[in-house]
Amino acid sequence: TDSSGKSDGFTNEYTTNDLTITKTVEGNQGDENKDFNFTVEVDGATGEQYKLVVNGTATVLTSGTAVDITLKHDQSATIYGLSANDTYTVTEEDYTIDGYTTTVNGTSGHEATGKITANTTV
């Protein structure tokens, strides 16, 4: 038996994905310059950290800690490095009193929550 060759061994792959939050203002009376407030949270392993970029400014988001962000029309925020076990929650403040109807991915509501297994936009 020839034992001079090496086996390929084991390969471990850890896959992460990114969550992008976008704000779109529609309608004749919609104010595209208005600041809209969101609360963002990721629940993963205790102490796990994620990169959060809001309008080009990077910060650290820690698992289990909610962060408030502000977006205007056509602005976005991205959370990098979510695994399939991480749960995200994005909640937009209620602007019904200002005449706005909020939808999340086409469905009435103020909150998006879930897990991702591919790069995702809400």
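Reply: In this predicted model, the chain read along its sequence follows the pattern β-β-β-β-β-β-β-β-β-β-β, with zero helices and 11 strands.

Me: What makes the chain more spread out than a compact globule?

Reply: The radius of gyration of the chain is 19 Å, whereas the globule rule gives 14 Å for 122 residues, and because the value is well over that figure the chain is described as more spread out than a compact globule. The C-alpha trace, for its part, spans about 80 × 25 × 25 Å along the principal axes of the chain. Buried residues account for 29% of the 122 residues, and among contacts between residues at least 6 apart in sequence, 67% join residues at least 24 apart.

Me: Why is Asn17 called buried?

Reply: Asn17, which lies in strand 1, has a relative accessible area of 11%, and since buried means under 20%, the label follows from the value. Leaving aside neighbours within four places in sequence, Asn17 is in contact with Ile79, Tyr80, Gly81, Leu82, Ile116, Thr117, Ala118 and Asn119.

Me: Why is Gly44 called partly exposed?

Reply: The relative accessible area of Gly44 is 29%, and because buried means under 20% and exposed over 50%, Gly44 falls in between and is called partly exposed. Gly44 sits in the loop between strand 2 (36-43) and strand 3 (49-54), and, leaving aside neighbours within four places in sequence, is in contact with Tyr50, Ser63 and Asp86. Gly44 and Ile116 are 72 residues apart in sequence and 12 Å apart in space, C-alpha to C-alpha.

Me: Which strand supplies the largest share of the lining of the largest pocket?

Reply: Strand 7 does, with three residues, while strand 1 (17-22), strand 7 (87-92), strand 8 (103-104) and strand 10 (111-114) each supply at least two. The pocket holds about 500 Å³ of space and is lined by 22 residues, of which Lys23, Thr24, Glu92, Thr102 and Thr103 lie nearest its centre. By class, the lining has eight nonpolar, 10 polar and four charged residues.

How values were computed. Residues are numbered from 1 along each chain as its sequence is written. This is a predicted model: local features need pLDDT of at least 70, side-chain atom pairs count only at pLDDT 80 or more; totals for chains, interfaces and linings use all residues. Side-chain values use heavy atoms; hydrogens and water are left out. On a 1 Å grid over the protein atoms alone, a cavity is a set of points where a 1.4 Å probe fits but cannot get out, and a pocket is an open set with protein on both sides within 12 Å along at least five of seven lines; lining residues have an atom within 4 Å of a point. Grid points are joined across faces, edges and corners, and a volume is the space filled by probe spheres set on the points. Helices (H or I, at least four residues) and strands (E, at least two) are DSSP runs, numbered from the N terminus. Ala, Val, Leu, Ile, Met, Phe, Trp, Tyr, Cys and Pro count as nonpolar, Asp, Glu, Lys and Arg as charged, and the others, Gly among them, as polar. Buried means under 20% relative accessible area, exposed over 50%, partly exposed in between (1.4 Å probe, protein chains only). Contact means heavy atoms within 4.5 Å. The radius of gyration is taken over C-alpha atoms; the globule rule is 2.2 Å times the number of residues to the power 0.38.
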